[in-house]
Number of protein chains: 2
Amino acid sequence: MVQKFGGSSVGTVERIKHVAELVAKAKVQHPHLVVVVSAMRGETDRLLGLAGQMAPRPDPRETDALVATGEQVSAAMLAIALRDRGVPAVSMSGPQMLVRTDGMFSRARIKSIDRSAIDRALMRGQVVVATGFQGMDDEGNLTTLGRGGSDTSAVALAAALHAARCDIYTDVLGVYTADPNLCPDAKKLDVIAFEEMMEMASAGSKVLQIRSVELAMNHNMPVRVRSTFSDDPGTLVTADDEHIERLVVRGVSHDNGDIKVTVRRIPDRPGVAATLFRGLSKAGINIDVIVQNASEDGKTDVSFTVAKADAAQTEELVREAARELQGGNVEVDHSISKVSIVGVGMRAHAGVAAEMFQALHEAGVNIAMITTSEIKVTCVIARAQVEKAVKALHARFELHAGGKKATSTTPAAKKVSKPKPKTKAKVAARRGKKR
Amino acid sequence: MVQKFGGSSVGTVERIKHVAELVAKAKVQHPHLVVVVSAMRGETDRLLGLAGQMAPRPDPRETDALVATGEQVSAAMLAIALRDRGVPAVSMSGPQMLVRTDGMFSRARIKSIDRSAIDRALMRGQVVVATGFQGMDDEGNLTTLGRGGSDTSAVALAAALHAARCDIYTDVLGVYTADPNLCPDAKKLDVIAFEEMMEMASAGSKVLQIRSVELAMNHNMPVRVRSTFSDDPGTLVTADDEHIERLVVRGVSHDNGDIKVTVRRIPDRPGVAATLFRGLSKAGINIDVIVQNASEDGKTDVSFTVAKADAAQTEELVREAARELQGGNVEVDHSISKVSIVGVGMRAHAGVAAEMFQALHEAGVNIAMITTSEIKVTCVIARAQVEKAVKALHARFELHAGGKKATSTTPAAKKVSKPKPKTKAKVAARRGKKR
């Protein structure tokens with residue numbers, strides 16, 4: 001069994017002691033227990049702040065070496081607390097566990113885990129308290145996996161050890177049908193499919209790092225999201241099989257973390273999109289929704305969304321590209337939100353997108369951009385209307401009452417209805433980066 | 001060349017930037033440069049505090065894993081600052097440098113250093129920013145070398161790399177003939193012999209960790225102690241050869257870190273000392289000066305000194321042993337000091353101890369205990385009289401004026417005069433622990 005405790009769960013000395021109690025109880029049931037911890041809440045930001053004080057653009061290798069200490073501290077503290085309770089425990093850093101990654105500092109990917117050191121400790125009866133978020137590249141440099149990377153560490157360890165399940169302890173009770181802060185009717189889900197969870201994550205539901213869900217899906221590793229501060233069993237994220245009731249829509253998700261950039265009146269000819277997005281791609285900026293309006297006079301408008309954090313750099317690069325293309329104005333809208341409906345039932349259920357647009361229309365919410373995937377429809381709307389939109393969609397798809405059942409009367413295998421004419425919607429592959 | 005910067009030298013962001021400037025300058029002269037850093041001042045105590053909050057007796061392995069992060073942080077920060085200045089640099093932790101130690105957590109000893117990783121970085125033209133104070137045992141556990149262990153790391157690295165010299169940067173200008181806070185006449189020494197430095201360290205002069213001096217002496221590695229905040233060349237610690245002018249007394253040293261324990265009226269028979277000190281030895285408590293008075297009625301008194309930090313545990317263990325021996329009262333004196341004169345010239349110079357006793361007598365300082373070595377005489381006195389004693393000895397041996405020359409007229413090879421009759425003085429080997 002692998003358990004993971006996030007930064008808020010180990011945020012103080014008292015909370016680490018509480019986690020030690022949970023782990024001590026779990027050890028009775030699960031003799032082979034690996035516990036993955038994040039840095040104490042705020043510690044990663046404190047360390048990044050130190051790096052930022054040393055240089056305007058701190059060296060990535062050294063920043064990773066600096067930041068990786070956060071998890072070493074919390075892992076050692078938890079091991080001390082466990083031993084104090086008489087539970088044999090040993091902390092292990094990424095290098096000690098031989099968690100091999102590529103050399104992409106600050107967003108490394110795990111390549112392999114050599115389980116021998118972990119196995120030796122487990123055989124000795126010790127709980128392994130593993131540092132999340134970090135590994136070591138082939139040259140022995142410390143690397144980190146990016147924000148939220150401890151989720152990925154936990155799932156990767158669970159997969160490497162062929163664990164029965166990976167429990168992610170966090171500060172919420174589980175995954176909800178919508179953000180309870182916006183939508184008081186939101187209900188906790190008992191179970192959700194991997195694919196649904198991935199789309200929820202990419203649409204702004206921050207319960208799990210998207211890459212960890214991808215990894216869990218690839219290894220078919222059940223993940224339970226639950227609260228450190230409650231006995232509630234939480235939400236089980238699992239394969240899309242008969243255990244999950246097929247609903248048209250599993251949840252409504254929203255994301256306030258993006259801005260919208262529009263480039264007006266650029267020539268509508270091949271290579272324009274390439275010119276526009278080449279610079280962003282080089283700079284490692286992930287583009288989410290892209291919409292290009294069909295042209296009428298040989299000129300076209302292109303809009304897309306990027307994360308707020310990339311706003312300044314994006315604007316600069318796009319203005320440069322627009323000049324090159326002899327295009328018109330570049331407009332940046334900082335007050336947008338994305339609102340999405342997610343559900344594997346959509347695959348076999350026509351008219352879901354149309355129903356979403358109708359619900360938003362009835363609520364008086366204007367849609368600025370639309371993008372769809374197999375099991376998700378996303379609309380870009382004004383930030384000020386996001387609460388109204390989430391509530392309207394939650395009600396329309398009856399999520400307060402368990403959701404509308406799928407597959408009953410509607411014809412199967414029909415695709416989600418396409419968005420309005422005169423709009424080409426593309427879905428850009430978003431790299432697995434938690435916002 | 002190896003340079004070491006202590007906790008006060010890297011105590012703030014600004015100071016680390018200052019160190020980066022010093023290192024950048026040194027790199028011009030010394031293309032192969034290894035810089036050893038301690039944790040930022042206060043950081044080790046903060047981390048030990050976290051360990052102490054988790055458990056009354058935190059596990060030693062986990063405490064080492066926790067505390068070792070302090071140097072990783074400062075090393076990465078310095079490497080970031082160096083790279084920001086265009087100086088190629090790379091931080092390396094104890095395990096990354098393959099600094100092998102024994103498994104004695106919190107006071108490990110370095111067994112070997114594999115220089116290959118360091119050499120590769122040096123060959124690439126990089127400054128290696130090495131974490132002091134830490135290593136890895138044969139099982140891959142992180143270990144730490146004990147307080148002040150970064151000095152030892154620096155000397156060990158210098159020896160392994162066959163460096164020309166090891167420069168220890170600290171917050172004082174160098175080694176003084178006495179503590180300038182007590183004795184305004186104290187003068188900075190340009191040079192001091194290894195052995196003298198060792199005795200100064202053991203007698204309370206806290207400039208260098210004693211074990212690092214021992215290591216430097218064993219490898220004949222010249223060490224320069226100098227200030228991070230001054231261009232002064234500091235004090236060169238080197239072999240006792242013709243380069244050092246032979247003085248009777250090189251310096252006066254004092255130590256307020258001990259307490260005195262006296263056990264009254266215990267039977268004067270074989271095995272008594274063994275019984276008395278067995279428990280202390282098991283508990284790892286270092287005993288310094290021991291004095292046993294000759295008995296008159298089959299009973300004897302034994303006095304000894306231990307570090308303040310060990311006071312409570314010592315008292316408990318000694319009371320137990322005294323009961324076992326059916327001895328009398330145990331008295332603890334918390335207000336003692338040790339004052340010592342140190343100089344290699346003593347070896348060939350008779351009457352130095354007598355001159356010390358005379359000087360203290362004339363200053364009205366009462367001597368409670370005496371101990372001697374080849375190149376040191378130590379007296380235990382009342383704490384209240386320490387300043388008077390240091391000043392009197394500093395004046396008597398003319399240290400304000402460069403010191404009294406040795407070997408001129410006095411007969412060589414005669415031992416230091418023995419302490420008063422009726423007192424057997426023993427010198428206990430003090431383990432190399434900086435107080």
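Domain bounds in these legends come from an automatic or database domain assignment. The structure shown is a predicted model.

**Figure 1. The two domains of chain A and the surface between them.** The assignment divides chain A into domain 1 (2–245) and domain 2 (246–435). Their C-alpha centres are separated by 30 Å. Across the boundary, 31 residues of domain 1 of chain A are in contact with 28 residues of domain 2 of chain A. On the domain 1 side, β10 (191–193), α7 (194–202) and α8 (210–218) of chain A each contribute at least two residues. The most, five residues, comes from α7(A). By class, this side of domain 1 of chain A comprises twelve nonpolar, seven polar and twelve charged residues.

**Figure 2. The relation between chain A and chain B.** Chain A is superposed on chain B by a rotation of 180° with 0.1 Å of shift along the axis, at an RMSD of 0.1 Å. This is the relation of a two-fold axis. Within chain A, T69(A) has the C-alpha nearest that axis, at 2.8 Å from it. Of the interface residues of chain A, 100% are also interface residues in chain B, so the copies meet through the same surface.

**Figure 3. The side of chain A that touches chain B.** The contact involves 27 residues of chain A and 27 residues of chain B. On the side of chain A, the elements giving two or more residues are α1, α2 (43–54), α3 (60–67) and α4 of chain A. The largest share, ten residues, belongs to α4(A). This side of chain A is made up of 16 nonpolar, seven polar and four charged residues.

Figure 4. Helix α1(A) runs over residues 13–29, and its 17 residues should span 24 Å at 1.5 Å a residue; the end C-alpha atoms are 25 Å apart, which agrees. The buried residues of α1(A) are I16(A), V19(A), A20(A), V23(A) and K27(A). They cover an arc of only 110° around the axis, and therefore lie on the same side of α1(A). In an α-helix there are 3.6 residues a turn, so residues three or four places apart point the same way. On the other side of α1(A), the exposed residues are E14(A), K25(A), V28(A) and Q29(A). The cover over the buried residues of α1(A) includes β1 (2–5), β2 (34–37), α4 (69–84) and β6 (127–131) of chain A, together with α2 of chain B.

**Figure 5. Helix α4 of chain B and the residue that follows.** Just after α4(B), G86(B) adopts a positive phi of about 85°.

Figure 6. M40(B) occupies the loop between β2 (34–37) and α2 (43–54) of chain B. The residue is buried, because 23 other C-beta atoms lie within 10 Å and the cut-off is 20 or more. M40(B) and G7(B) are 33 residues apart in sequence, yet 4.8 Å apart in space, C-alpha to C-alpha. Beyond its neighbours within four places in sequence, M40(B) is in contact with G7(B), V10(B), G11(B) and S74(B).

**Figure 7. The loop residue R383(A).** R383(A) is placed in the loop between β20 (376–382) and α12 (386–396) of chain A. With 13 C-beta neighbours inside 10 Å, R383(A) is classed as partly exposed. The C-alpha atoms of R383(A) and N256(A) are 7.1 Å apart, although 127 residues separate the two along the chain. Not counting residues up to four places away in sequence, R383(A) touches N256(A), S335(A), I336(A) and S337(A).

Figure 8. F133(A) is not a glycine, but has a positive phi of about 80°. This residue lies in the loop between β6 and β7 (134–136) of chain A. F133(A) is buried, with 28 other C-beta atoms within 10 Å. R265(A), also a residue other than glycine, has a positive phi near 50°. R265(A) belongs to strand β14 (residues 258–267) of chain A. R265(A) counts as partly exposed, with 17 C-beta neighbours inside 10 Å.

Definitions and conventions. Residues numbered from 1 in each chain as written. Chains lettered and ligands numbered in written order. Predicted model: local features only at pLDDT ≥ 70, side-chain atom pairs only at ≥ 80, totals over all residues. Least-squares fit on C-alpha atoms with pLDDT ≥ 70 in both. Contact = placed C-beta atoms within 7 Å. Helix = DSSP H or I, 4+ residues; strand = E, 2+ residues; numbered from the N terminus. Buried ≥ 20, exposed ≤ 12 C-beta atoms within 10 Å, placed from the backbone. Expected span 1.5 Å × (residues − 1). Arc of directions from axis to C-beta. Nonpolar A, V, L, I, M, F, W, Y, C, P; charged D, E, K, R; others polar.
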